[in-house]
Structure formats: structure tokens, C-alpha cells
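Good morning, colleagues. Please look at the model on the screen while I describe parts of its architecture.

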Amino acid sequence: MSTIPRLVIAAPASGSGKTTVATGLMAAFTEAGLTVSAHKVGPDYIDPGYHALATGRPGRNLDAYLCGPDQVPPLFLHGSAGADLAVIEGVMGLYDGASGLGELASTAQVAKLLRAPVVLVVDASAQSRSVAALVHGFASWDPGVRLAGVILNKVGSDRHEELLRAALDEVGVPVLGALRRAPQVRTPSRHLGLIPVAERQADALESVRAQAAQVREGCDLKALLALAHSAPELTGTAWDPALAVAQSTRGAAAVPGRPVVAVAGGAAFTFSYAEHAELLAAAGAEVAVFDPLRDERLPAGTQALVIGGGFPEMYAAELSANEPLRRAVVDLAASGAPVVAECAGLLYLSRTLDGKPMCGVLPADARMSERLTLGYREAVALTDNALAVAGTRVRGHEFHRTVLEPGAGASPAWGMTHPARRVEGHVQDGVHASYLHVHWAAEPSLAHRLAARAADRPPLEARCG
């Protein structure tokens, strides 16, 4: 049972300013001396990077589609352990979830699962009294959601604020903050959303500080903290990676020898859930992070490789120029060692990316596209591979503006079963490469299988060509 104070920061729609407000609140409370636990509803990898910068703790995702509703409270309790306050940033509009599946994976569902009060961030830039109708509708739509306050964003003037507050007095939902338009708090975006922290560390830190200052000036932090403390007790047991691995493998022990699993990081490969490294460690592996933009060698003793998502298309020239590391990746894959690549990793293993030579592990070429591929997926592993046994069913997420040709190899990684039936990805020797992002907390056996495959391989000494 947990009594951690908690707030959900939601909005009527994307673009209302909830990331600015949530990150600003996290930073402001952290600067005030509180230990703040940051969480993001949905599969987003980028916002948690800003949350981590604001709090000094890992940003965590809470996704009821990828992990299942029953896993949301345990994962929250795990991530918020030792914190004085938890701030949960929502996704899209408050009631928007997985397409065609009702409330599943919506901010509203997560708020109910966590028994957390909701603060609605409203873009008030083009309205006055109508804000009351908007807030009334959101507050009354689902009686199970406790919409406990409003923060008005992009307020134009003192007079504008007076009109908004007067209208909301009629609804009975308290105004907990009013923020003026402030260009300095904006975070730059590009084709897949905000630019990740790892690509603009100094500027990102300044943005977070500006957001904290704006929130301190415009929000009633005392009232927001009191609201967080009003959240009722949350029953359940915190998620434990070691227990999760044991249960998913029917009691299999951690693999022996602490096999080294190299994990790509740095500015080009920023997409990873914090629980993945925790599960690998619980399965018996030693996780060694390296940066393909800077490191010419794989970590010493590497026995397996994980290359997650990110933006290799923004760094294609630099990745291509690092020929020693590309050769090391080729050598590792040729040795039969397990190599698991998601999205950006898939592109890095291809022959070329926008005409720039990549590793050439896969007989495929990648290029940027005007078309955004986005959405939740259901899939089944078609063959035994480094990540899963044939028949393993997963839920995942696709999010990219690139195309791989061919998209599937002679042995595809996944058979997509929903929303459309198709095959996708490449499995060859020890390589499993796919566009599909999977949250391993939903299937911890994936981490154990990868660690076990790594333990079976002799260490391949890091080399420079």
C-alpha cells in the first residue's frame, strides 16, 4: 500500500502545453527540495528525457496498451519508490486512447488506475467564457475521473485572466495556475516531435529552468502539492524486475557469468525504456552503454548487442564515418552473437540510410519518407530468434518516417496481426531487427532469453577494425 502524493497533468488535446507544465512542475518541486518521480502516459520516449532532466531520476512510461492495465499501478509504484511526489504527464487529450478501443491507454484510464487527481491544462489563447463549457464537459464526462483543477495556458493579459477565472467560478473547478505566453520555454520540434534532450543538453537544461520559473510564477504550488497529497492510498505491490523475470520464465535462474550486453546510446539512439536495462540486469547480464557517434569500439567483452530507437537519420553522415565501429558490429553479428535492433537500430544495421553506408548486416536499404507510420500493433514471433521463441505474442508501437526496402527478410521478425496483417522485420543468424518497439515489462522473458543467448557466446574482444 502506497500513499505517495501524485498528480496527473492532462489536457483537452495535444498542443495545449501539458509537457511544458508537467516538466515545469517537476523541476520547480525538485528545486524546492522534493524528490520527484516523473511518469509519462503512453509510449513516448522523448518527454521522459526532459522529465529526467527536471528531476534527476529516470523518466518512466505508463502504457496500459503495451503492458496491460494491471501492470500500470505496479510499474508506477516501482518507479516512484523513495519519492516525495509523483507527477504523471498525460498523452494527447484526456480521454484519447488506443484507436477503436475505448478508454484503453488513455490518460483518463491511467488516472483511474492510479486513483490520482487530474489537473487540466487548457490553451486559453482564443477563448474566454467558453472555457467554462469546455472544462465542465471534461469534468462531467467520466465520473470516475477526478478533475480537480485547471491551469490556464497562453493567457494574453490580466483582463483575459479575469474573464477566464470568472467563467470557471461558475463551473466550480478551481484555477490552480495561469501562464502567460512565453517563447523562451518552448522546446523545438521536428518530424517526430520534440528534439530529444541528448541532442541539445545545454539548451534543454535552460528550457527546463525557464519552464520551472514560469510555473513558479504562475501556479499555486502550495495548492497543487496539497491536491497531490489528497490522492487516496494505492494498494498493490511494486513491480520487481527479478520477480518479473522469474515469473515469466517459470522460475528460471539468472544466467551465469554476467554476460556483457552492449546497449547503444548517445544522441542518435535515445529511445529506451528504463525497465529494459533493469530486466537485463535482473536476468544476469551486465549492461554496458556506448555511443555509436563517438566510440570506435564495442564495450570490452561484448557478447550481445541492443540498438534501440532514435534518430539515426539526423546523424547518418557521422554514423557512416565511424567505420571502425561499423566493422565491429558486422564482426559481432557474423559471429552469431545475439543482436536486437528496434527502429533506429534496424536502420543502422541496413546497407545504407539515405545513401550513406551503414553496417550492412541486413540486405536492405533505408530512406526518409514523407509518410508517418504511427500506431499500436499486435504481433507474433514467426521464428525462434534472439529475442523470442516462435509463437510469442506481443503488443508494440511503430513511430517512424523512414522506409526500409525490403521491409521483411527471408525470415521476418514479426507477423503483424492487428490492425493489419503483414510480415515485418528481419531475422538472420543471431540478428533480430524490426521497426516494432516492444516494452519488455509486458514480456520479461525477452530479456532473459537475450541474456541467456549472450551467455552462450564467447566474449568477442572489442576491436577497431
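Strand β10 (residues 260-264) pairs with β11 in the parallel sense over five bridges; strands here are DSSP E runs of at least two residues, helices are H or I runs of at least four, and both are numbered from the N terminus. Two strands count as paired if DSSP finds at least two bridges between them. Ala262 has Ala288 in β11 as its bridge partner.

This is a predicted model, in which local features need pLDDT of at least 70 and side-chain atom pairs count only at pLDDT 80 or more, while totals for chains, interfaces and linings use all residues. Residues are numbered from 1 along each chain as its sequence is written, and side-chain values use heavy atoms, with hydrogens and water left out.

The open sheet has six strands in the order β11-β10-β12-β13-β21-β20, with mixed pairing. At its edges are β11 (286-290) and β20 (426-428), each pairing on one side only.

I turn now to a helix pair. The axes of α1 (residues 18-31) and α8 (residues 221-229) come within 12 Å and cross at roughly 95 degrees; axes are lines fitted to C-alpha atoms, for helices over the stretch in contact, and angles run from 0 to 180 degrees between N-to-C directions. Helix α1 is therefore roughly perpendicular to α8, a term covering 65 to 115 degrees. Leu25, Ala28 and Phe29 of α1 meet Leu221, Leu224 and Leu225 of α8, where contact means heavy atoms within 4.5 Å.

Technical notes: Angles under 35 degrees count as roughly parallel, over 145 as roughly antiparallel, 65 to 115 as roughly perpendicular and the rest as oblique.
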